[in-house]
Amino acid sequence: MPTTLPIPTCSTAPQATPAPDCLLEFRNIRIVYDNAIEAIRDVSIAVPEGGIVALLGSNGAGKSTLLKAMSGILYTEEGVIENGSIRFRGEDVHRLPPDELVRRGIVQVPEGRRVFAALTIDENLQMGGYTKTSADARERRDKVFVLFPRLYERRDQIAGYMSGGEQQMLAIGRALMTDPSLLALDEPSLGLAPLIIDRIYEVIVRLRDELKMTVLLVEQNAQRALDIADYGYILETGRVVLDGTAKKLTANEDVQEFYLGISSGDRKSLREVKHYKRRKRWLS
Amino acid sequence: MQYLLQLLISGLAIGAIYGLIAMGFAVIYKSTGLVNFAQGEMTMITAYIAWTISTTVSGNVFVVAFGAILGAILLGLVIERVVMRPMLGEPVFATVMVTIGLAVILRSAINFIWDAYPHGLDVAMGREIVRFGGMGVRTGQMAVIATLLVLLAAIWAFIRYSKMGVAMRAVAADDRTALLMGISATRIHALAWAASSVIAGIGGVFFRPVLRSVANDVPTRTQGVSGNHPGRARRRARLRPRRPPDRHR
């Protein structure tokens, strides 16, 4: 009932409510590509302020699609939000253009880093601060340099010549230039060495703890993400199949089996596992 | 030797025109990653606009320049909005094909609106001959070379150092990521098309003063040949009816 649901609220999440004051919220959203392919089917996700929410799932589950919808760039891939809404600070934002969303404080680090390869590190950061005045941008840049001293050392270098880990740092730094309140990261560990991933994740935790930033973390690497996240959602073929606190998810037998690679008891044959997977559909 | 230098200056002036048109290509390429096959037609339309202003409104060089630049900006913006924006996110090949189609449309539009004959753009300036060292250089020729150099430096500095210029390069490299950073790719594209149209249009407007001065000052090859070999000239005259003088460049 509308009267019993105070707005903004996170209570549209299918199961437990993570926190009362929620920054970003996907409400019963349905996304269709090309008028034919349903990528997201009735998904509700709540991101409480000041926490890390992990969005997990295998390839093609629709994680990146949700982030694209959040940033308003679905239209570049013929994607349309057919139903539902995205709310940010209690306001509908899913019809706003991408630059307006950035101005309001939503930013994402795209999958595969996507630094501007031909531009220098300084210019990349400058582009992150495009919506800011130049004085603001300079101030933000100094903060980014404090967070990533490596970028300061190499600021006049061409971004394309940096290592993958440095590029990921640059991509995060570039997003931080927009002075976001919500930072979404699309697979920040993709293609990086474990040691580098550790450092990236350290920074993400610092962003939450020191800068009070809200983080939406999209990952295939469920182990890593659940280690630092407060809350998690598991997506499969466009639906949320499971959600809960990170602790609860880590303890969940199915999550352990399918996402964390922890086998329970005897080793099963591949055939049995396949059969089991088919039988045990999520949400059943 | 003097003749060679004279030719060299004329050549540089013509080269400067082609340089301006090439810069139009480069500005669009830098910010959209596209080769615009309609650049020549855009140049021509701006020249026609300048000619129309000079014959109907005023032959004052400033009026013509202002009107032509305004027309070029509008042309660039309209093309970006109507033709190029729907192609955003489409494959580069398809978009380049669209510019070829655009070239055909613009060329036909010129026939439709004006006509298919050459016209002489006559502004009161650029015809004076400055003499130094026994050579004559038209002020128009000097102006076009100076314009090219100034614009070249300005555009280089703009793309290299200004925030908008860096954004142009970023949009060309990866427009979707640029969107994620809050850069409005369409606004950057519109700016590029308008700038490119103006630069190329300036080249188009200079065409007439520079080329005419070439034809008048320096015997062109055909004139030289026909002068030396009357027989060939007569053959040519038989083959091709003489064009009316006002259509002759």
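The model is predicted, so local features need pLDDT of at least 70 and side-chain atom pairs count only at pLDDT 80 or more, while totals for chains, interfaces and linings use all residues. Residues are numbered from 1 along each chain as its sequence is written, and chains are lettered from A and ligands numbered from 1 in the order in which they are written.

**The two chains**

Let us begin with the overall make-up. Helices (H or I, at least four residues) and strands (E, at least two) are DSSP runs, numbered from the N terminus. A residue is buried if 20 or more other C-beta atoms lie within 10 Å of its own, exposed if 12 or fewer, and partly exposed in between, with C-beta atoms placed from the backbone. Two residues are in contact if their C-beta atoms, placed from the backbone, lie within 7 Å.

| Chain | Helices and strands | Buried share |
|---|---|---|
| Chain A | eleven helices and ten strands | 41% of 284 residues |
| Chain B | ten helices and two strands | 36% of 249 residues |

Read from the N terminus, chain B runs α-α-α-α-β-β-α-α-α-α-α-α. Of the contacts in chain A with a separation of 6 or more, 69% are between residues 24 or more positions apart. In chain B, 73% of the contacts between residues at least 6 apart in sequence join residues at least 24 apart.

**Strands of chain A**

Two strands pair if DSSP finds at least two bridges between them. Strand β1(A) (residues 22-33) and strand β2(A) (residues 37-48) pair in the antiparallel sense over eight bridges. Leu24(A) has Val47(A) in β2(A) as its bridge partner. These two strands form a hairpin with three residues between them, and Asp34(A) in the turn has a positive phi of about 60 degrees. β1(A) is also joined by eight bridges to β4(A) (residues 79-88), again running antiparallel. Here Ile31(A) stands opposite Ile81(A).

**Helices of chain A**

Helices α3(A) (residues 121-128) and α6(A) (residues 164-176) pack at an angle of about 35 degrees, with their axes 7 Å apart. Axes are lines fitted to C-alpha atoms, for helices over the stretch in contact, and angles run from 0 to 180 degrees between N-to-C directions. The crossing of α3(A) with α6(A) is right-handed, meaning that the near helix is turned clockwise from the far one by less than a right angle. Residues of α3(A) including Ile121(A) and Leu125(A) meet residues of α6(A), among them Leu170(A) and Gly173(A).

What span should the 18 residues of α7(A) have at 1.5 Å a residue? Helix α7(A) (residues 194-211) should span 26 Å, which agrees with the 25 Å between its end C-alpha atoms; the expected span is 1.5 Å times one less than the number of residues. Lys212(A) follows α7(A) and has a positive phi, near 55 degrees.

Gln256(A) belongs to helix α10(A) (residues 253-258). Gln256(A) is partly exposed because 17 other C-beta atoms lie within 10 Å. Its C-alpha atom is 9.1 Å from that of Gln223(A), 33 residues apart along the chain.

**Where the chains touch**

Finally, 16 residues of chain B are in contact with 22 residues of chain A. On the chain B side, α6(B) (163-173) and α7(B) (175-180) are the elements that give two or more residues. The largest share, six residues, comes from α6(B).
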